[in-house]
Amino acid sequence: MSVNATPAGADVAADETATGTAGRHAAVPAQRSGRAPKTPLSENKRAERKLGWLLCAPAALVMLLVTAYPILYSIWLSLQRFDLRFPAEREFIGLENYVTVLTNEFWWTAFGVTMLITVVTVAVELVLGMGLALIMHRTLVGRGIVRTAALIPYGIVTVVAAFSWRYAWTPGTGYLANVFGEGAPLTERASSLAIVMLAEIWKTTPFMALLLMAGLALVPEDLLKAASTDGATAWQRFTKVMLPVMKPAILVALLFRTLDAFRVFDNIYVLTAGANETSSVSMIAYNNLIRGLNLGIGSTMSVLIFLTVAIIAFVFVKLFGTAAPGSDDGERR
Amino acid sequence: MADIVLDKVSKKFPDGTVAVAEVDLEIADGEFVILVGPSGCGKSTTLNMIAGLEDISSGELRIAGEKVNDKAPRERDIAMVFQSYALYPNMTVRENMAFPLRLAKLDKETINQKVDEAAKVLELTALLDRKPANLSGGQRQRVAMGRAIVRQPKAFLMDEPLSNLDAKLRVQMRTVVSRLQKQLGTTTVYVTHDQTEAMTLGDRVVIMRGGAIQQVGPPQELYDHPRNLFVAGFIGSPSMNFLHAAVEDGKLKTALGDVPIGERVRRELEGADAPRELILGIRPEHFEDAELIDDETRRRGMEFDAPVEIVESMGSDKYVYFTVEGERASAAELEELAADAGADFSGGGSNLVTRLSAESPVAEGQNRRVWFNLEKIHLFDPTNGRNLTLHEGRAAGALGD
Ligand SMILES: Nc1ncnc2c1ncn2[C@@H]1O[C@H](COP(=O)(O)OP(=O)(O)OP(=O)(O)O)[C@@H](O)[C@H]1O
Ligand SMILES: [Mg+2]
C-alpha cells in the first residue's frame, strides 16, 4: 500500500520538472495513497462518489434482501435448541450449540476431510488449469474446438457427472472398478476420497483454465519478447515474467476455487453419501439440518461454514492482495 | 560488437502475407542504421527476425560472421528496446536493469556495479527503487534503454523507442540515444516512423516499402539523390512538390511553364517505350522570391507567377503555399505516401509548397513571381517511379548532360 509516502512523492515532482513534463505525473502519488490523508474532497469528487453509491444501491438492496434475511435467520436458529422432532423443547440457549459442534469429533473429521479436498483439488487444478490455459492460449489452429472441448466437463451437471463416476467405479459393471486390482474402491476411505477429488478436479479444471486464460491475456506480448532477448529460457519467461504479471488473476482464480471447493457437496453425496468418514462439512450440515431435522445444530454448522468461507476470502483479499484482474496493480503492491 | 548481414532474407507469415521480401543489407560493426517506411512495410518484422523473435522464412542472417537463423534470441546476444518499453511491472527499476545480468548468472557485486553505472549514464540513480508504474514516460524509456546497455550486447535493436513520448521529450531523448550510441559504439538498428529521427540519428538510412528496400544510404544522399519517387516523397518535410509534366517538342509542359531538358534526359526519353508523361519533383527550398535573386542565380532557373494562398512565417524563412493550374501528378507511390502521411499529398488542384527567404515581402492573396532552380529538379517515370535525372547515383537536374 501507499508505496509513495512524502519523500518519494516530492522526488517525482522534482524530477518531472527536470525532464520537462511537470504536473503530468505529479498527481499520481496523491491519488495513490487514497484513504490515508483525509483531505477535503473537491465538489467534483464528491458528486462522483455520490453517483457511485447511487449506481450501486439497487444491486446492494437486492443483495441485502436476498441474502441478509436467511443469514440472520440461521444465526438466530443457531442460538436455539430447536429439533423439529421435539418442537416442545425449543429454547434459547446462547452459544451452547457452538460448543456442542466444536467439541464434536465428527465435525472435526468432516472439517479435516473438507480441508484436504480443498487444498489438494485447488492445487492440482491450478497446475493442470495453467497447463490447459497455456495450451488454449498458444494454439493457433482450431482454437475454438480446443476451447470447447476443454470446457465440456464444466458444462455437465455435477450430479450427473458424479453418477457416471460412481457407475464407473462400481465393481462388476464399471469400467474403472478393476484398474487398481480387485475390490470396491468406493467402500474404502482413502480410495473414496481420491475418487471424490478426481471427480472434482475433472469437473472444475476447465473453469480454472478459463480464469487463468483471462490472466494470460493480460501479459503483454512485448514483455515476453523482451525477456527472450534479455536471455530468458521458456521456463524463466514463465516463472519470472508471466506468473508475476498474472498474479492478480491467479489469486482471483484461487479464491473462487477455494471458496467453491470448501463447500463440496454433490460429488460426495452421490459417490459415497458420506460413508467411511468421507463427509464434508456441507454434508454433515445437510445431514443434521434436513435429515436429522435438528435446525439448531444444522444452522450452527451452516454459520460455521459461512464464517470459514468469510475467513478464507478475507485472507485472500487482505493478506495476498487479491483484486479484480486488470485493476491497477501498481496500487496494491 | 558485431556486424549484421541480411542475405536475401524474407518473411512469409502462415496466412500468406509476405512481410519482408528478399532484403539484402550489410550493417557494419558499430554502425547506426535506421529503418524507415510507412506503416506495415515490414520494419518491425525485419527487426524481429534479427532479434530471433520471428523465424526467417528464407535467406540467411549473420551476426559477427556467424549464421544465426536457427538460434534462439538469448543465444544471439542482442538487446532490444520496444515502443511499449516492455518493463517488467513486478520488478523495480534496479531489478529490471539487472534482469539480463541475473539471467547471465553474473555475481551480485558485478551486477550492482553495472546497474549503477548504467543508471548514472541515464540519470536513473534516484529512481532505482521505484516500480515502473510510478515512473513517467520519459523515465520508463530511459529504464528500457538502461536494460539494453547494461549487458554490452553485440547489437541494439530499437523498435520505435521514442514514439510514445511527447514531442519535447522525444527531441531530448533523441540526443540521449545518439550520444549513447556514439559512446558505446555498439551496432544499432533503429526503426522509426519519424522523419527527423531518420535524418538526424543514423549513419545510414534504409527506406522500406511493402517489404522491400527502396534505397540505402546516408540521410543527405537519400535527400539529394532519391532513386525513385517513393524515396523522394518520403524523405523531407515539408515533402517534395510533385507536378504533372508532359513531354512535348523536347520540352516539359508543366504548371510552372515549359521546362527545358538536358541532353541526358532527352536521350532517356528517345526510346520507343519511353514515357510521354513524367512527374516533376522539386523541393520547397529550391524556390525563391524572384525579387531577391541575383542575375547569376537567375540564369540557373526559371520563373513563374502564381497566387499566394498561405504564408507561414517561421522566423528564419517563410513557407509560402501557392495554387497552380494544371493536372495533378498521379502515381501509385504518391497515393501510398498520401495515405501514410495523411493530407500532405491530397490537396485539391496542384498545391505548391515553397520555402522563401524571410526578407520576401510576400503576402497572402497577392500574385507573386517565384523563381525555381532547374538544377535541382527531379524527373520521375510515373509507371515505375524511377528517377530519370539520376546518373551514377547522382541527381543532375533536368538540364544535366
Ligand atoms: N503475425 C502476423 N501474421 C500475418 N501478417 C502479419 C503478422 N505480423 C505482421 N504482419 C503483416 O506484415 C506486414 C509488416 O508488418 P510490420 O509489423 O513489420 O510493419 P511495420 O513496418 O513495423 O509497421 P508499423 O510502422 O505500423 O509498426 C504488415 O502488412 C502486417 O500486417
Ligand atoms: Mg512496427
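Tutor: Start with E123(B), which sits in the loop between α4 (108-121) and α5 of chain B. Helices (H or I, at least four residues) and strands (E, at least two) are DSSP runs, numbered from the N terminus. The model is predicted: local features need pLDDT of at least 70 and side-chain atom pairs pLDDT 80 or more, while totals for chains, interfaces and linings use all residues. Residues count from 1 along each chain as its sequence is written, chains are lettered from A and ligands numbered from 1 in written order, and side-chain values use heavy atoms, without hydrogens and water.

Student: What makes E123(B) worth a look, given that it is not a glycine?

Tutor: Its phi. E123(B) has a positive phi of about 55 degrees. Most residues other than glycine have a negative phi.

Student: Which phi does E22(B) have, and where is E22(B) found?

Tutor: E22(B) is not a glycine either, and its phi is positive, about 45 degrees. E22(B) belongs to strand β2 (residues 18-27) of chain B.

Student: How do you know that the peptide bond joining S237(B) and P238(B) is cis?

Tutor: By omega, which is about 0 degrees there. P238(B) is in the loop between α9 (229-234) and β11 (241-248) of chain B. Most peptide bonds are trans.

Student: Why are α6(A) and α8(A) called oblique to each other?

Tutor: Take the angle between axes, which are lines fitted to C-alpha atoms, for helices over the stretch in contact; angles run from 0 to 180 degrees between N-to-C directions. Helix α6 (residues 143-155) and helix α8 (residues 189-216) of chain A cross at roughly 130 degrees, and their axes come within 6 Å. Under 35 degrees is roughly parallel, over 145 roughly antiparallel, 65 to 115 roughly perpendicular and the rest oblique. α6(A) and α8(A) are therefore oblique.

Student: Which residues meet in α6(A) and α8(A)?

Tutor: Contact means heavy atoms within 4.5 Å. From α6(A) come R147(A), A150(A), L151(A), P153(A) and Y154(A); α8(A) brings W202(A), K203(A), T204(A), P206(A), F207(A), L210(A) and M213(A). By class, that is nine nonpolar, one polar and two charged. Nonpolar covers Ala, Val, Leu, Ile, Met, Phe, Trp, Tyr, Cys and Pro; charged covers Asp, Glu, Lys and Arg; the others, Gly among them, are polar.

Student: Is the crossing of α5(A) and α6(A) left-handed or right-handed?

Tutor: Left-handed. That means the near helix is turned anticlockwise from the far one by less than a right angle; clockwise is right-handed. α6(A) also passes α8(A) in a left-handed crossing.

Student: At what angle do α3(B) and α4(B) pack?

Tutor: Helix α3 (residues 93-103) of chain B packs on α4(B) at about 130 degrees, axes 10 Å apart. That makes α3(B) oblique to α4(B). α3(B) passes α4(B) in a right-handed crossing.

Student: What makes a space a cavity?

Tutor: On a 1 Å grid over the protein atoms alone, a 1.4 Å probe fits at a set of points but cannot get out; lining residues have an atom within 4 Å of a point. The count is one cavity of 30 Å³ or more. Grid points are joined across faces, edges and corners, and volume is the space filled by probe spheres set on them. Its lining includes M145(B), F156(B) and Q181(B). Seven lining residues are nonpolar, one is polar and none is charged.

Key: On a 1 Å grid over the protein atoms alone, a cavity is a set of points where a 1.4 Å probe fits but cannot get out, and a pocket is an open set with protein on both sides within 12 Å along at least five of seven lines; lining residues have an atom within 4 Å of a point.
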